[in-house]
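Please look over the sequence and the structure shown here.

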Amino acid sequence: MASDSDHDSTTELLDEFRAIIARSQKDFLFTCSGSLSCDNDPKASEDANPVKDPVTIRWDPSDASTPASQCKITFPADSESLSALIGDMQQATFGLGGKDVLDESYRKALKLDTTAFSTNFCPYTAGIMDTVSRILVPSVSENQTCIVRAELYKLNIYEGPSGHFRSHVDTPRSSSQFGSLVVCLPAAHSGGGLVVSHKGKTINFDWGSATSPAVQWAAFYSDCEHEVLQVLSGQRVTLTYNLYACKTSPEPDKAVLNTPLAKHLEALLSNDKFMPEGGFLGFHAAHAYPHSSRSFQANTKSAPGGVPPLKGIDHVLWQTATALGFKCFLRPVIGYEAYEDGEDESSIVQGIGQRLAFDTLGGEVECLADALRDDYLSKSIHPEDVEWLNHCGRKNQEVALAYTAYGNQASTEYVYSYCAILIQVQGQGSETDEDSDTGMEVEPASPPVISSAPFGG
Ligand SMILES: O=C(O)CCC(=O)C(=O)O
Ligand SMILES: [Fe+2]
């Protein structure tokens, strides 16, 4: 039996580790940005001015008799030259509860799909993807390669005086999508700031206030809420891209073991007085992750229960625990209504789902939590059996599984899930048998590998 002093020493270790996690969490960025000058200064070096050729867009005219020469625009562009393009664009919709909706009070913007336009702008040659990989796709060791891919999604124009897009998250197109990239082309406008928020922090990218022509951009984790404020005048022209990541090596990154976080986690987990009966050390993930249906996964090559690319502190904690030899699970945290025996009033309690993919994902967001609860909550572990490193940080009602109520596209295949990372502690007396019943489905291979990246949606 554990004595009082054993208990005190493990409590102290656990509290220290909680403090380290809380501090580290603040260090992680959720967005990055840049500006590429379009001043054609012949003296500027290529590094300082990577957008050498003017950015050009060519598009399909809505009237087939319009000559191709009139369906081309070069940036920086003024209102007059943008008018032909604007005339050939359609109103942009957004996703709400699995349906595409046109509602100008929520989103007023024009769009062209990638089937209807092409551009010479390339985020790789412009150096944007290097910055995005460095900042948003956390470090991988030399023996790990990570493929980061940007897929052009839309051309949008938000026009003054009323273009805007209210708060939403970007609908995940596959479990390997981690982010979104917005590239704002040089065209005069005012207002229209892109405001990105995460855990109480907010950043406003106000591209309309640039004093000289530039291609300005921002990338962010696509589960972060964001909005386009009202454009007051002019035209705000953007290219949007979906960002995908795929780690190709199953090796945990040993470099993470040199951090204070790793030293403390090791001290805690190697202390045989800590959770002597075994159990789980849990962390309410800083980010939400795509939750997909098994039938959808069966049709793609992504493995059921596969772990999506983790973001920020979530990635670091996972890497650290796996590099220390512990098994980790990424699981949805579900809020559901429960009735106490003999009570008439229900209360919202949290449950941990058995896996991050389930059988009956439908279009109706409301059905999702119910379906999940019925599908596998009964078999899963209870949150009270977990030693938590942090609080959930959301009001109980918001712990609901999916929150793509407002997305930028309708989806019935992927929604985001609030998640927990669970680190399995074996305990002294507990079985070490791989097949011991944890109440959890085992991940394939060594997460966070995605064995075959389902690039694209
Ligand atoms: O134009 C922007 O800055 C962002 C647009 C956006 O959020 C979207 O298309 O989903
Ligand atoms: Fe968006």
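Is W207 buried or exposed? W207 is buried, with a relative accessible area of 6%, where buried means under 20% relative accessible area, exposed over 50% and partly exposed in between, with a 1.4 Å probe and protein chains only. This is a predicted model, in which local features need pLDDT of at least 70 and side-chain atom pairs count only at pLDDT 80 or more, while totals for chains, interfaces and linings use all residues. Residues are numbered from 1 along each chain as its sequence is written, chains are lettered from A and ligands numbered from 1 in the order in which they are written, and side-chain values use heavy atoms, with hydrogens and water left out.

**Strands**

- Three strands make up an open sheet in the order β3-β2-β9, and their pairing is antiparallel; helices (H or I, at least four residues) and strands (E, at least two) are DSSP runs numbered from the N terminus.
- The edge strands of this sheet are β3 (72–74) and β9 (117–119), each of which pairs on one side only.
- On average, neighbouring strands of this sheet are turned by 15° against each other, direction ignored; the axes are lines fitted to C-alpha atoms, for helices over the stretch in contact, and angles run from 0 to 180 degrees between N-to-C directions.
- Strand β2 (residues 56–59) is joined to β9 by three bridges, and the two run antiparallel; two strands pair if DSSP finds at least two bridges between them.
- In this pairing, I57 stands opposite T119 in β9.
- Strand β4 (residues 90–91) and strand β8 (residues 110–113) run antiparallel and are joined by two bridges, with Q91 opposite L110 in β8.
- Four bridges join β8 to strand β10 (residues 146–159), again antiparallel, and L112 stands opposite L155 in β10.
- Strands of a sheet pair through backbone hydrogen bonds, either parallel or antiparallel.

**Helix α4**

- In helix α4 (residues 260–269), the buried residues are L261, A262, L265, L268 and L269.
- These residues lie on the same side of α4, because they cover an arc of only 130° around the axis; the arc is that of the directions from the helix axis to the C-beta atoms.
- An α-helix has 3.6 residues a turn, so residues three or four places apart point the same way.

**Cysteines**

- The structure holds zero disulfides, a disulfide being a pair of cysteine sulfur atoms within 2.5 Å.
- C38 is buried at a relative accessible area of 13%, and C184 is buried at 1%.

**Aromatic rings and charges**

- There are four aromatic pairs, counted when rings of Phe, Tyr and Trp (its six-membered ring) have centres within 6.5 Å, with planes under 30 degrees apart called stacked, over 60 edge-to-face and the rest tilted.
- One of them is the tilted pair of F94 and F165, at 6.5 Å centre to centre and 45° between the planes.
- This pair links distant parts of the chain, since F94 is in strand β5 (residues 94–96) and F165 in strand β11 (residues 164–168), 71 residues apart.
- F94 is buried, with a relative accessible area of 1%, and F165 is buried at 3%.
- The pair of F205 and W207 is stacked, because the ring centres are 6.0 Å apart and the planes at 25°.
- F205 is buried too, at 10% relative accessibility.
- F94, Y106 and F165 form one aromatic cluster.
- The charged end of K154 sits over the ring of Y153, 4.5 Å from the ring centre, and that of R173 sits over the ring of Y153, 4.1 Å from the centre; this requires NZ of Lys or CZ of Arg within 6 Å of the ring centre and within 35 degrees of the ring normal.
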